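Hello,

Here is the structure I promised to pass on to you. Please open it first, and then read my notes below.

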Amino acid sequence: MTAQRTYIRKLRYGVQLAFLALSLYIGYQFYHFVLHFRDPLHPFVQRPSSVDAFLPISALMSLKFFLFTGIIEPLHPAAFTIFVAVLVTSLLMKKGFCGWICPVGTISQYFWMAGQKVFGKNFRMQNSLDLPLRSLKYLLMALFLLLIGVAMVPNMMVLFFITDYYKTADVMTMNVFAKMSRTTMWVLLALGSLSLLYKNFWCRYLCPYGALLGLLSCMGPVKIQRNEEHCVHCRSCSRSCPSLIDVEKKGVVNSPECFGCMTCVSSCPSKNALDITLKTGKTRRVFQPYLYPLALVLIFYLVIGIGMAAGKWDSQIPNEEYKRIIPELYKD
């Protein structure tokens, strides 16, 4: 027996908080970019291209357009680049984007951790309800893939790309929160309340983005593996898993719900019983847990770096267009 590897959890919290802080800074910078076009007296701030990360539907459209035409649409190219980076990391490094990078996943995590403190525990859906609810995110994923991947043809997309609606999709996404409607407020309150009670409620039941990444991750080479010879069957791994996977009964964890947080690995008291592994050929090799987030972040930014070098990062929307459109969005 050995001490738990609690440093893994601390490392993850640090990475998550760093990306959450980065996301908040991007949002703050973009807010001041928009303010300049609402009020020219407000100092001009350069638009942060990475705000396109908050446009997953635009990214999916751009990906389909690229696959059919070989062209990356120039209005929100960072959405495409970031989406490809997320897909690549999910294929190679499990659903690590959800577990280590996604700010929504981080906020959801701290909600259920707060709920655990307040109520002394988190609740769990009965199996008869849990499975149908989990299918919701796959139904939403299928709906988006049907509407965009099948119904929208490239010619239709071109007509949509040149609309003012698409040009300012980033501004309207911000306004969902900056100019919050009563309906949006009640939806967010409901999701927040459910997230206090149930672990990762949004991620587990409703996120179509996570559903797609989970399916991709099942095909990847990186997996959590349990060694039966060293396992003491204390069930610490199963009890600690925020995705509610019964790790203690698995040989290799290949569930689309697993987002590579390694909470199970960090909780295991038995040396060599549970590890993060990489499949090479027909064998699996154990590698040090701290290498996982390092590889995850490096691959993520490598793909983004390639996109930047190829000129597929900064939007080609002239500031004159924002000057024309944004004031119209804020008219009473």
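Before the notes, one term: a salt bridge is a side-chain nitrogen of Lys or Arg within 4 Å of a carboxyl oxygen of Asp or Glu. This is a predicted model, in which local features need pLDDT of at least 70 and side-chain atom pairs count only at pLDDT 80 or more, while totals for chains, interfaces and linings use all residues. Residues are numbered from 1 along each chain as its sequence is written, and side-chain values use heavy atoms, with hydrogens and water left out.

Salt bridges

The structure holds 15 salt bridges. In one of them, Lys331 is joined to Glu328, with the closest N and O atoms 3.1 Å apart. For accessibility, buried means under 20% relative accessible area, exposed means over 50%, and partly exposed lies in between (1.4 Å probe, protein chains only). Lys331 is exposed because its relative accessible area is 56%, whereas Glu328, at 47%, is partly exposed.

Another salt bridge brings together the side chains of Asp130 and Arg204 (3.1 Å, N to O). This pair links distant parts of the chain, since Asp130 is in helix H6 and Arg204 in helix H11 (residues 201-205), 74 residues apart. Helices here are DSSP runs (H or I) of at least four residues and strands are runs (E) of at least two, numbered from the N terminus. Asp130 has 5% relative accessibility, so it counts as buried; Arg204 is buried too, at 6%.

Asp246 sits in the loop between helix H13 (236-240) and strand S2 (252-253), and Arg235 in the loop between S1 and H13. Asp246 is partly exposed at 24%, and so is Arg235 at 31%.

Which residues make the nonpolar surface patch? They are Val176, Phe177, Met180, Met185, Trp186, Leu188 and Leu189, and the patch covers about 650 Å². Helix H9 (169-178) and helix H10 (182-197) are the elements that give two or more residues to it, and H10 gives the most, with four. A patch like this is made of residues with over 30% relative accessible area and no salt bridge, with nonpolar side chains (Val, Leu, Ile, Met, Phe, Trp, Tyr) joined within 5 Å. Phe177 belongs to H9 and counts as exposed because its relative accessibility is 51%. H9 has buried residues as well: Ala169, Asp170, Val171, Met174 and Asn175. These pack against H1, helix H2 (56-69), helix H8 (164-167) and helix H16 (319-329), where contact means heavy atoms within 4.5 Å.

Helix H12 (residues 208-217) is largely enclosed by the rest of the structure, because seven of its 10 residues are buried. Its cover includes helix H3 (77-92), helix H4 (96-101), helix H6 (127-151) and strand S1 (222-226).

A buried glutamine and a hairpin

Gln16 lies in helix H1 (residues 7-38) and is buried, with a relative accessible area of 1%. Leaving aside residues up to four places away in sequence, Gln16 touches Gly99, Trp100, Thr106 and Gln109.

Finally, strand S3 (residues 274-280) and strand S4 (residues 283-286) pair in the antiparallel sense over four bridges; pairing requires that DSSP finds at least two bridges between two strands. Leu278 stands opposite Arg285 in S4. The two strands form a hairpin with two residues between them, and Gly281 in the turn has a positive phi of about 70°.

Enjoy exploring!

Technical notes:
Patches are made of residues with over 30% relative accessible area and no salt bridge: like charges are joined within 9 Å, nonpolar side chains (Val, Leu, Ile, Met, Phe, Trp, Tyr) within 5 Å. Accessible areas come from the Shrake-Rupley method with a 1.4 Å probe; for residues, only the protein chains shown count as cover.
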